[in-house]
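The paragraphs below go through the parts one after another.

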Amino acid sequence: MIVVAGLGVSGTAAARVLAERGERVVVLEAVEGERQRVVAQELARLGVEVRFGSMELPAGATELVTTGWAPHHPLIAAALEAGVEVVGEVELAWRLRPEQAAPWLALTGTNGKTTVVRMLTAMLLAAGRKALAVGNVGVPVVEAVGGPYDVLAVELSSFQLHWSSGLAPHAAAILNVAPDHLDWHGSLDEYARAKARIFERAGTVVYNADDPIAGALAEPYTGAVGFTLRVPRPGQLGVVEDLLVDRAFVADPVRQAEELATLDDVRPFAPHNVANALAAAALARSAGVPPEAVRQGLRDFVPDPHRMTHVGRVAEVDYVDDSKATNPHAAAASLAAYPSIVWVAGGRLKGADVDDLVRQAAPRLRAAILIGVDRAAIAEALARHAPNVPVVDLADRDTGVMDRVVTEAARLAAPGDTVLLAPAAASLDMFANYPARGEAFARAVGKLGERS
């Protein structure tokens, strides 16, 4: 009997695929809502048993499939103690690959994963490959491994990698590593160790040469390919004046460089997004994608919402939604892109420290507006490193707080400023998710425009 933990998107997909292969499957789900009951009825037609409420490991379980639950969860801990193998949905997908399966181009990182996987997919499609973005981007890998694809672009979170032991992608990239999800992993070392699993059996290792932790994780691998915002050395991709160039996937990396694209091809333009483009290009080039398809892919790429999205301009002030900046590392990249900022920040910090973020951003800050459960930690960092920056502390916990946020931001901003929602924290203390937070911000900006 195979037990699947949860009726989320990946858990449901895993249960369905296993049942179609003739396995006996039991799904454990804590919440019995309308959506869960509908899914359970659909799975029942395939012979899958769904048990609501109980999180006890059934007798006779031979394997537990998890979709990212932490090792300390009682169900996971019980399985490990009983000697039952625990695998993630991604590991399950790898094991279920058919013969002549499509190769994987896999990537992970604290920030930029979805942007890079979508850039990579656009490059592959521009090269005429049948490609699909899967994994943490929203499409379960287990649903795609038997599909009619030439290549899979696979986005992997640290949670997924923790429960993956056998992955051997054609190429694998680590974009960056900064403190995040420490409440899940327990420490930065454990978090980095989970990220490093992506390299263990990869054909080509790709890493951010400007990121110390990513560089250290790639160091044991001979022939690793770096990407950098500086002029690239042999074996790297990087930037020369306004060009993105390749000195790795060329015939003679010492004497030869190949132009891939220009900075104007990167949208939205920001230093961290140039790094994203280089990472995607490195993975694409490892699969034989020609330079012209790399450039066309960048031009075809459409950024996902809530990633440095310009949502309005009112009284010569720009309003930018980067609600996806759910940790300090992501917020730092966003803050570095604008010269004068009214910063909207706060939420659930997940154990992350914001001191370095605030110290680095201080010269760019005109004002800060703080919301959310952990706003006091940001306020304390501002008092230490930016004592002259005005701070508005909004204790309101209702989702309508964004109207007040934008009103305060408009009062504090001067022409030429950017009001930037880059929270450096998760949204779940106040909003359903980071898109809901970004949408609330955009609506509030729209109301401000109507009043002006």
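Helices H5 and H12 cross in a right-handed sense. This is a predicted model. H5 covers residues 113-126 and H12 covers residues 291-300. The axes of H5 and H12 lie 7 Å apart, and the angle at which the two helices pack is about 125°. An angle counts as roughly perpendicular from 65 to 115 degrees and as roughly antiparallel over 145. H5 and H12 are therefore oblique to each other.

Which residues of H5 and H12 make the contact? On the side of H5 they are Met-119, Ala-122, Met-123 and Ala-126. H12 contributes Ala-293, Val-294, Gln-296, Gly-297, Leu-298 and Asp-300. Sorted by class, the contact of H5 with H12 holds 7 nonpolar, 2 polar and 1 charged residues.

A second pair of helices can be read in the same way. Helix H16 (residues 401-412) and helix H17 (residues 434-451) have axes that come within 8 Å and cross at roughly 55°. Here the limits to keep in mind are under 35 degrees for roughly parallel and 65 to 115 for roughly perpendicular. H16 and H17 are therefore oblique to each other. The crossing of H16 and H17 is right-handed.

From H16, the residues Met-402, Asp-403, Val-406, Thr-407 and Ala-410 take part in the contact. They meet Arg-437, Ala-440, Phe-441, Ala-444, Val-445, Lys-447, Leu-448 and Arg-451 of H17. The contact of H16 with H17 divides into 8 nonpolar, 1 polar and 4 charged residues.

Next comes the sheet. Strands of a sheet pair through backbone hydrogen bonds, and the pairing is either parallel or antiparallel. In this model 9 strands form an open sheet with mixed pairing, in the order S7-S8-S6-S9-S10-S11-S12-S13-S14. Which strands are at the edges? They are S7 (131-135) and S14 (258-262), each of which pairs on one side only. From one strand to the next, the twist averages 20°.

Helix H11, residues 271-286, lies across S6 (104-108), S9 (171-174), S10 (204-208), S11 (225-227), S12 (236-240), S13 (243-246) and S14. The direction of H11 is at about 140° to S12.

Definitions and conventions:
Residues numbered from 1 in each chain as written. Predicted model: local features only at pLDDT ≥ 70, side-chain atom pairs only at ≥ 80, totals over all residues. Heavy atoms only, no water. Pairing = 2+ DSSP bridges. Helix = DSSP H or I, 4+ residues; strand = E, 2+ residues; numbered from the N terminus. Axes fitted to C-alpha atoms, helices over the stretch in contact; angles between N-to-C directions. Contact = heavy atoms within 4.5 Å. Left-handed = near helix turned anticlockwise from the far one by under 90°. Nonpolar A, V, L, I, M, F, W, Y, C, P; charged D, E, K, R; others polar.
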